[in-house]
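Hi,

Here is the structure I promised to pass on. Have a look at it first, and then read on for what turned up when I went through it.

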Amino acid sequence: MSERTSYAAQPDLQADCGNCFGLCCVALPFSRSSDFPVDKSAGTPCGNLQEDFRCGIHRRLRDQGYNGCTVFDCFGAGQKVSQVTFKGVSWREEPDSARAMYEVFPVVRQLHELLKYVAQALDLPAAGPVHGDLRRAYERLDALTRDTAEVLLAVDVDALRGEVNPLLLRASELARAAVPGRKKNHRGAHLMGSRLRGAKLRGASLRGALLIAADLSGSDLRDADLIGADMRDTNLCGADLRGALFLTQPQLNAARGDARTKVPQILQRPPHWAD
């Protein structure tokens, strides 16, 4: 891979619903709540899933009460399980494989999320000192996602995460070291509903922070580490998130923003954000 190629922007790490068997609509359960209008058990197809594995109300999910669907991202795991693990044979064509397919999907989804984080770290020039270890971790994880269903079901994802996290933390430290001034540390902080309007958080650590319904409107979050931060209903109107580390599309989708919110180039502005 050339130096100009973005690891995080690889197609393998982007959801491709056209090559998936609607696995997120079948394998995963959900409960009636503010995110879903009905209950659905794992392994049961959603009532909106069509014969072509597409969602029948995709453009109206929020209007129909399926907010939870709009914040989900498989990071490319859906097509990997559908086309690689099960070689393009769907659970409808081969019902006997359905249970294994449903169990493998969440595992590969977690592995792809880890791959996405490692890819983002590899895109950080300042993290050069750990790029070698990161590349080896990426290759190992990628090879694992292409293994058999039996191997995948035996994977200890927590152990893998424990091996990768120190590399991600080191990459974050190296990248944020270039930010001038003293960086704030809110790692794991409980900031639910906090009023942080206009906060100067450039280069800060917000790893694992609870930012549910926090007001971060107009805040400077450039180069901040947001890995694992819970950003449900976080107010990001007018905030600057350019260069934010380990920010994912689901985090953005779960938050509130507007036309003034600046987002990283590799992510998309959620269509439900205010103009």
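In which helix do Glu 173 and Arg 170 both lie, and how many residues apart are they? Both are in helix H7, three residues apart, or about one turn of the helix. Before going further, please keep in mind that this is a predicted model.

Glu 173 and Arg 170 form a salt bridge, with their closest N and O atoms 3.7 Å apart. Glu 173 is partly exposed at a relative accessible area of 35%, and Arg 170 is partly exposed as well, at 40%.

Arg 140 forms a salt bridge with Glu 163, and the closest N and O atoms are 2.5 Å apart. Arg 140 lies in helix H5 and Glu 163 in helix H7, so this pair ties together parts that are 23 residues apart in sequence. Arg 140 counts as partly exposed at 48% relative accessibility, and Glu 163 is partly exposed at 44%. The count for the model comes to 16 salt bridges. There is also a network of them, which links Asp 220, Arg 222, Asp 240 and Arg 242.

Now back to H7 itself. The helix has 20 residues and reaches 27 Å from its first C-alpha to its last, close to the 28 Å expected at 1.5 Å a residue. A kink of about 30° lies at Val 164, shortly before the proline Pro 166. At the start of H7, a side-chain oxygen of Asp 156 comes to within 3.3 Å of the backbone nitrogen of Asp 158. The buried residues of H7 include Val 157, Leu 160, Val 164, Leu 167 and Leu 168. Against what do the buried residues of H7 pack? They pack against helix H4 (98-122) and helix H5 (131-145).

As for Trp 91, its contacts beyond four places in sequence include Phe 21, Leu 23, Pro 45, Phe 53, Met 101 and Tyr 102.

Arg 207 is in the loop between helix H7 (157-176) and helix H8 (249-254). Is Arg 207 buried or exposed? Arg 207 is buried, because its relative accessible area of 8% falls under the 20% cut-off. Its side chain makes a polar contact with the side chain of Asp 225, at 2.7 Å. Leaving out residues up to four places away in sequence, Arg 207 touches Asn 165, Leu 168, Leu 169 and Ser 172, among others, and its contacts also include Arg 187, Ile 227 and Phe 246.

The other is Phe 72, found in the loop between helix H2 (67-70) and helix H3 (77-85). At 31% relative accessibility, Phe 72 counts as partly exposed. Beyond its neighbours within four places in sequence, Phe 72 is in contact with Cys 24, Leu 28, Phe 105 and Arg 109. From Phe 72 to Asp 12 the C-alpha to C-alpha distance is 17 Å, and the two are 60 residues apart in sequence.

I hope you enjoy looking through it.

Best wishes

Terms used
Residues are numbered from 1 along each chain as its sequence is written. This is a predicted model: local features need pLDDT of at least 70, side-chain atom pairs count only at pLDDT 80 or more; totals for chains, interfaces and linings use all residues. Side-chain values use heavy atoms; hydrogens and water are left out. Helices (H or I, at least four residues) and strands (E, at least two) are DSSP runs, numbered from the N terminus. Buried means under 20% relative accessible area, exposed over 50%, partly exposed in between (1.4 Å probe, protein chains only). A polar contact is a pair of N or O atoms within 3.5 Å; within protein, one must be able to donate a hydrogen and the other to accept it, and residues adjacent in sequence count only if both atoms are side-chain atoms. Contact means heavy atoms within 4.5 Å. The expected span of a helix is 1.5 Å times one less than its number of residues. The bend at a residue is the angle between axes fitted to the seven residues ending there and the seven starting there. A salt bridge is a side-chain nitrogen of Lys or Arg within 4 Å of a carboxyl oxygen of Asp or Glu.
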